[in-house]
Each structure stands twice: as structure tokens, then as C-alpha cells.
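Student: I've got a new model open on my screen and I'd like to talk it through with you. Can we start with the surface and then work inward?

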Amino acid sequence: MAEGSCQVTTGLSLMRRQMTGKETLDNFLRLVQSPFKQQFTTDAFLASLGTSIGVSTIIFLIWCTLRPYHQLVYAPKLRHADEKHAPPMIGKGYFSWFAPLIKCKEDDLVEKIGMDATVFLRFIRLCRNLFFWLGLLGVIVIIPVNVTCNIKNTTKDPNWKPNKSWYILMSPSYTWGTCMWAHVIIAWVFDFIIMFFLWKNYRAVLKLKRAYFESPEFIDSLHARTLMIWNVPGSYRSDGGLNKIVSMLKLRQSLDSNEKYAIGRNVKELPSLMEKHERAVRKLEGVLAKYLKNPDKLPAARPLSKPDKDDPQVDQETKVDAIEYWKHRIEELEKKIAIVRKSIDLKDAMPYGFVSFPTISRAHITAKAAKGKHPKGTSLQLATKPQDIIWDNLVRSKSSRRWKAFIGNLFFIGLSIFFIIPNALIAVFLSNLNNIALIWPQFQTHLARHPQFFAIVQGFAAPTITSIIYLLLPIIMRRLSAWQGDITKSSRERHVTHKLYVFFILNNLVIFTLFGTLWSTIRQFVQVAEGNGVNWQTIRNLRFGDNAAVAIFDVSTFWITYLLQRNLGAILDLCQVVSLVVKSFSVRFLAPTPRQKIEWTAPAAFDYSTYYNYFLFYTTVALTFSTVQPLVLPVAFFYFLIDSFFKKYSLMYIFVTKVESGGTFWRLIFNRLLFAAGFFNCVVALIVWVRFNGSTACAVLPLIPILVIFKIYCHKKFDMDLRYYTRGSDRDSILSAETFNQADRLAKRYNHPALHRKLMKPMISGKLEHLLPTLYGSRDAPTRGAISLDPLSHTHKKLPTAGFEIVQEEDMDFANFKNRAEFGADHGAGGLYGDDYSISGAMTPPVGFASPANSRPASPNPGAMMHGGYRGVEYYPVAPRSPGLRNSSGGFPFGGIHDDSRSETESVQHLLREQSNDTGYDRYRHR
């Protein structure tokens, strides 16, 4: 009997669980079309407004207090930029940073921060000014129209509570009939205002670009008069073959002997070896920094690690002595690199090359003539700066590039579809916490007990998670674009911006807004199809347009709270909070290497693709909901107003442009803004069609072809002059003619950097130098770097410090290393610091560029520092010139780092070492 009762109880429990599961599923399926709860939305809006203003103000005042005393963090360019590129000095006052921003005009910005940064700031000002006028019209026209029509249509509803639904009065939630003509008219007015601002800024950007073309730096640069050719067929892979390809363009001006040609050479596995070597160096530095963190009390056991995955000589399953292994691995890779460099065959040509012209205008005329043409299947364009080229992608075949582009696009589509799921969950649950209670009934108790707390959570949760996605996706998109075959870093960044923009418009705007409507419509369609069949009347009964319009109304207030939270994000960007927290944590609790400490003091590179995507997405959101919830317009203006000053300060004093592209982002910005205007027109047409009639909605549709015509006009009017400088004369070669004819070795300067770039050496702190003999064993007298202290000694055994670069703690500053390629390449080298190897035309820096601190310097002393700052023994003297260091007070404390203040013994030692090298590659070996 007991056994039977147990079975009955178990069966009833199972049935109850099945019923509960079915009810939960039904509740979940119904949630996708549940409207937002108005009280929570109002509270979330007030919470977002309060936190945005209050918290942002507090953080801003803290920043104003800290900024004068932390210029290493908040004004690094004052210390590192040369006199020509240094921004204006800032006083010690809490608000003294504001005056230089106002006084520094756009014409000065091009020289100080570059064309890319100037175009970015102009884009922000464009958005600021645009939303000022649109917001003014929204407050004066749209809100009164919506409020009047809503009050007229809701006075008959006894359940209407204006005190709880004040923001609904501003939207067309209860507006229909002839009132919708106001939305049609405002759409026309908005579009013409947008086109006016775009046209005005297009002209301004063209003016800036012409000034950029005529600047001394551009005129003297090699890339300005060089063409890049790729997909070169095998029979044309020679300097003469490149000449024949260019001759096929049939230019009006015939080519002469002044053009210089350089076909690419096969560097074999050299780039891969260089990457492995750099990885090994950083690995050894990390192992030593961690092991020697407390030099007075070393760990009892030496560190162990797994061997390099690319090292076939060591069993991957075993652990090795990390200190010995990585040192040996570095030496082994250096030997391989030296062997490969010696074995490079100059006759082994690759499918790419470069053509350099004596004048800029002739190069640009040739590039313009080649536009849309592919002689012998090749592709031609103006060359970018050498450090902007992705060399590995230049050797790809057309078929490989097309196939990877196709697969990459499929992956991008799949990723966009996959993210519909988390975005749908955000839209259903986080934007309205009441929906969680329907799935989890116990949550309703907590919700009723703490309504204000959960209102704040609701205001923060969805925008915060959406922002986290922003941080992860650029990494994926950047790798995807490079894998698809982009040949320059600047084109890769533009494609990253495009992918990010499409992704967020699809997922975070369209799907986020309409997921519930799409889901419910599909469910109804399936039920109808299974029952009575499908016909036009059943499709009309689904009322997809009406449901979509209601969904747009419901979600509109979320975007107000979202944009309000962006103000907090803007001030956090200025404060460098994430960077400061990570660095402080690493210094206190981890063991940073000397190289990391040096890199932390360098100006960070500005991530244009991510920030362009931010602002384009905000602009599209604000335009989309401008007539639905007009409050979004002044909120967007307020955001761009604040960030226009914050980003100007950041680009003038904190960030650098990694590789200058000459403002090539502008066309992408222009096209996306036109798309945003067209998308706005479609939303207005949908709402007018639902709330009035189709004929009135059709009055909006002509705006889309008008936008297309405007795009074509701007393309024909501005684009050619924006891209090509064909109005020049032989004046553009006067300053550089001598250099072009005598010193312009195109084959070396536009060649793979793996052929010439100096190898990194492991860095170790000077206070730990005495421990190296205990780690590797003392086998000879002490040395400085790889050079014996005895100037007559040339045959010595390998020493414990051989191959290491000893850096004193006081010298771990980017100011001492900024002219070395391994540090400067990622932090704005090429003009900002007064040693512009890219402008002089070098693909790889001249010998002195990578050598100011290549091994251990002499013991620091005031006299030496006054004459040149930190230098290594592999120092190459350069003619004295204007100093490049600038301290926080505006002075130049050390003089130039190019003066040769070595003793006679040091100079003789340096010359003997150079003369003893059989080849130029021997200096990459450790002694």
C-alpha cells in the first residue's frame, strides 16, 4: 500500500511539474509582446537623469582636481611631442584646461593632431550643431503637436493618468488623423537640415584636405608620390614589368626615366620568425619580472613553463626551466632570422610593387587614371604610409581574397543572427523587470517590496550590458577584416566601423525594438496556416504595422535613458578610469616588466573605428525616435555638446593617431549619416501609415531618392578633389627633388619591415642586474650589455648579461624610448616626436631611429642627461637639431637626444664593433 501511495504521489508531482513548465513556457511566449510598465519606465528615466548628471558632475570635479598633478596620465603629449606638434600649455588651475580648447582653431589642429583627428572632431561638432537645431524644432513643433493631439484623444479615457504618463503626451501614442501631417512636414524639414549640414561640412573637409595636400610634411613625404600595385602576374614581376603596367594606362603625359620602380621580394618565413622572437622576448621578461619581484627573497624553486608551441625540438607535454628555456629560445630564433635574412633572393619577386614619381601631382593623376581599371588584372591605388600596410595580405591571390571575403561575410551574418538571442532577452527581461516575475513568481514579492531599487536596476541593466558588447566586438571585427584581406590598416579600420555599425543597427536597434512584434506575428501566422490556411485577408489581420508602431512607442523611452548614461561614459573616457585601475592593480599586485612600464607612460592610440561607431549609432537612434519621443533630440545634443570638449581635450593632450590616413573616414561618415536619415524617413512613413493612411505616408517616400541624388551630387562635386591632388605643379617637387634623385632608395624604403627591423632584446631592471649571474652563471667579467668594459677586448666568452638590455628604474619612461621603432610604432611615431621616418620616406626607420636605447646605458649622471638623455651603447650619432622632449611646464629640460656626448673610448669601441661586423645582419646576434 505504501508503495502504491508513493507511486501516486510521484505521478501527481510529475503532472504538476509538467503543468508548471507548460505555464512558464506560455508566459515566456506571451512576454515578447507585453508592453513596458509605465511606472517603471518613468522611474528608470528619472534614475538615469539623476545618476547621469550627479555622478558625472562628481567624477568631472575629481578629474579637474587631479589633472594638474598627473600630467603623465592626462597630458602625456606635452612631454613627448616636439615643439611643432606639442599642444598649448595648460596652467595649474582646475579649469585652466578649457581656455586652450577654445583658442585652438581647426587650422591649427591639423598640424598639431593630424588630419584624422581633426575630421573626427569636425564630425562631433556636426552632430552637436545638427541636434541643436533638430532639438529646437522638436521642442517647439513636435512636442506641442503631439501633446495637443494626445490630450484631445485621451480626455475620453477614464483610466488615463497624466501625472504618471507625462512622457507619453510627448509621443504620438494616442495621435492619429490629420495631426500626422505635422510628422510628414517635419520629416522634410529635418532631411533638408541634415543635407545642409552635410554639404557645409563636406566643403570644410575639402578645404582642410587641400591644406593638408599643400603642407610641407605631405609634400616631402614619399607615400604622397607613390603608387601601390598588387595582383601582379608572374610575367610582370620585375621593375620593368611594373613600368609596362603603368604604361598601359595611356596617360596624357608620357612617363620618363624619373619614375622609380620596386617589386616586392619574398621574405620567406622571416615575418613568422620575427613574431615568435618578440613573443619569446616578452615571455622571458614576464618570467624574470615575476621571479625577481622580491629580489631579497627569491622563491625556492625556479619557475617552470610549457615550451613554445612552435618549438618542435622540445616535448610539448613536459615543463621546462622557464628562465633557461626562453633565453635559449631567443638565441635560437635570432640565429634563424640572421640565416634567413642572408638567404633572401632578390630575384624571387612577389605579386606586388611600388612606383614613385618625382612630383605628387603626376602620381595622383596616374592614380586617378587607374581608378576602375585593372591592367593585366592588377589593382593600383595611391600608396599609404609604409607602416600602414598589412604586408602579409599583399601576397594573397585574387581567388584567396574573394573566398575569404565570402566566408568572412557569412561568419559576420551568422554572428549577427546569433546575437539576436541575447539581445532579445535584454529586450524582454532587462528593459522590463515585471516580465521576470511572470516566469519566476517568487520574484514578484521582491519586486513589490523594493520598487525603487529595481527601478534603478532596470535603468542601468540593459544599457550596461549593451555597452559591454561594444567592448568585445571591435576585436572580433578587426581580426575578421584583416583575415578577409584588407591590405592597409586604415582600410581595415573603416571596414571595422562599417561592420560594427551594421551589427548594432540590426541587433541593438531593429531586433531590440521589434523582436516581440516579430515573434508574436510569426506565432499567429503559424497558427493561422495550420487552421484556415493563408490568404491576403489573414495576413492583413496580423496587423504587423500596428504592432510594430506600438513597439516603437514602447521602447522609445529606453533610448532616452541609454543616451543619458552615455554622458557618464564620456567623462569616464576622459578620466582614463579603466587604464588607471588596470595599471595600478598591476603595479601593486603583479610584476610588470620594464617594457610594460615604458609602454604605460606612452600616449595611447585613439580607437577611431570604435568611437565612430559609437557616435554614428547614437545619431541613428536619435534620428529614428526624433518624432516618436522628441526628448531624445535635446538629450543627444547635450551628449555631443559635452563630448565635443572632452574628445577635443583627449585628442590634443592624451591620445595619438597610430597611423595617419589623411581623413579617409569622412566618406564613410557621410554615407552612414545619409543612411540614418533614410532610416528615419522609413520610421516616419510607417507611423503615418498606421495612424492615418497610406497616401499621406507616401508623401515621405520621395525623400529617399532625394537623399540618393544628394549623395551622387556630393560624390561628383567633392570626392575627386578630396582624394587626388591633381592641381599641383612642379613646385611640389622643388623641396624634395634632391632627396628624390640622390637618396630615395624605393626598394629599401617600401619593403617588408622584417628585412630591416632591429630585433628586440629582453629588458631587465638595473636593480636586478646583479642577480643575472646567479640565474645563468658567471663566466667572465662584467659587461655593459653585450660589450666588454675593456675597449681592447674583442674575444670574450658569452656572459650572463649578454643579450639583455639593462634599464634603470628612473629611465623607464617613454620619453627615453619614443624614437625606437618597437615602442614608437604603436604610439604615434612618424612626425609627432620630431623624427618622422615615414615623411622622409623610409619604410623602416633609419639606423638611429631604433638605437637611442638598445642596450644598457652608462650610469645616469646629470651631465650625460643634459646632453642627450637615456642612450644605449648601440647609439648612432645624428646631427644636432631642435630638442624633442617637453616637460609639464613647457620647457625642454634635456636638450636633444641626438647629440653625441660619448667619451673617446666609447666612440672607438663603437666604431670597432661596427667595423668588425661582416654583414649588416650580424648586429642582430647576441655575443
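Student: What does the accessible surface of the chain come to, and what share of it belongs to carbon and sulfur atoms?

Tutor: First a heads-up: this is a predicted model, where local features need pLDDT of at least 70, side-chain atom pairs count only at pLDDT 80 or more, and totals for chains, interfaces and linings use all residues. Residues are numbered from 1 along each chain as its sequence is written, and side-chain values use heavy atoms, with hydrogens and water left out. Areas come from the Shrake-Rupley method with a 1.4 Å probe, and for residues only the protein chains shown count as cover. On that basis the surface is about 41,900 Å², and the carbon and sulfur share is 62%.

Student: How much of the chain counts as buried?

Tutor: Buried means under 20% relative accessible area, exposed means over 50%, and partly exposed is in between (1.4 Å probe, protein chains only). Of the 927 residues, the buried part is 53%.

Student: How many helices and strands does the chain have?

Tutor: Both are DSSP runs numbered from the N terminus: helices are H or I with at least four residues, strands are E with at least two. The count is 36 helices and ten strands.

Student: Which share of the contacts in the chain between residues at least 6 apart joins residues at least 24 apart in sequence?

Tutor: A contact means heavy atoms within 4.5 Å. Among the contacts between residues at least 6 apart, the share joining residues at least 24 apart is 82%.

Student: How do α28 and α30 run relative to each other?

Tutor: Axes are lines fitted to C-alpha atoms, for helices over the stretch in contact, and angles run from 0 to 180 degrees between N-to-C directions. Angles under 35 degrees count as roughly parallel, over 145 as roughly antiparallel, 65 to 115 as roughly perpendicular and the rest as oblique. The axes of α28 (residues 666–691) and α30 (residues 703–723) come within 11 Å and cross at roughly 175°. That makes the two helices roughly antiparallel.

Student: And what classes of residue make up the contact of α28 with α30?

Tutor: Ala, Val, Leu, Ile, Met, Phe, Trp, Tyr, Cys and Pro count as nonpolar, Asp, Glu, Lys and Arg as charged, and the others, Gly among them, as polar. The α28 side includes W666, F670 and L674, and the α30 side includes L703, F710 and K711. The tally is eleven nonpolar, four polar and four charged residues.

Student: Which residues does I687 contact, leaving aside neighbours within four places in sequence?

Tutor: I687 is in helix α28 and is buried, at 2% relative accessible area. Its C-alpha is 10.0 Å from that of T175, which sits 512 residues away along the chain. The contacts of I687 are M180, F553 and V628.

Student: What kind of aromatic pair do F132 and F637 form?

Tutor: Rings of Phe, Tyr and Trp (its six-membered ring) pair if their centres lie within 6.5 Å; planes under 30 degrees apart count as stacked, over 60 as edge-to-face and the rest as tilted. The whole structure has 66 aromatic pairs. For F132 and F637 the centres are 5.5 Å apart and the planes are at 55°, which is tilted.

Student: How far apart in sequence are the parts that this pair ties together?

Tutor: F132 is partly exposed at 37%, and F637 is partly exposed at 22%. F132 lies in α7 (residues 115–154) and F637 in α27 (residues 632–654), so the parts tied together are separated in sequence by 505 residues.

Student: Where is W326, and which residues does it touch beyond four places in sequence?

Tutor: W326 sits in helix α13 (residues 322–342) and is buried at 5% relative accessible area. Its C-alpha is 6.2 Å from that of A280, 46 residues away along the chain. W326 touches A280, K283, L284, V287, S305, K306 and D308.
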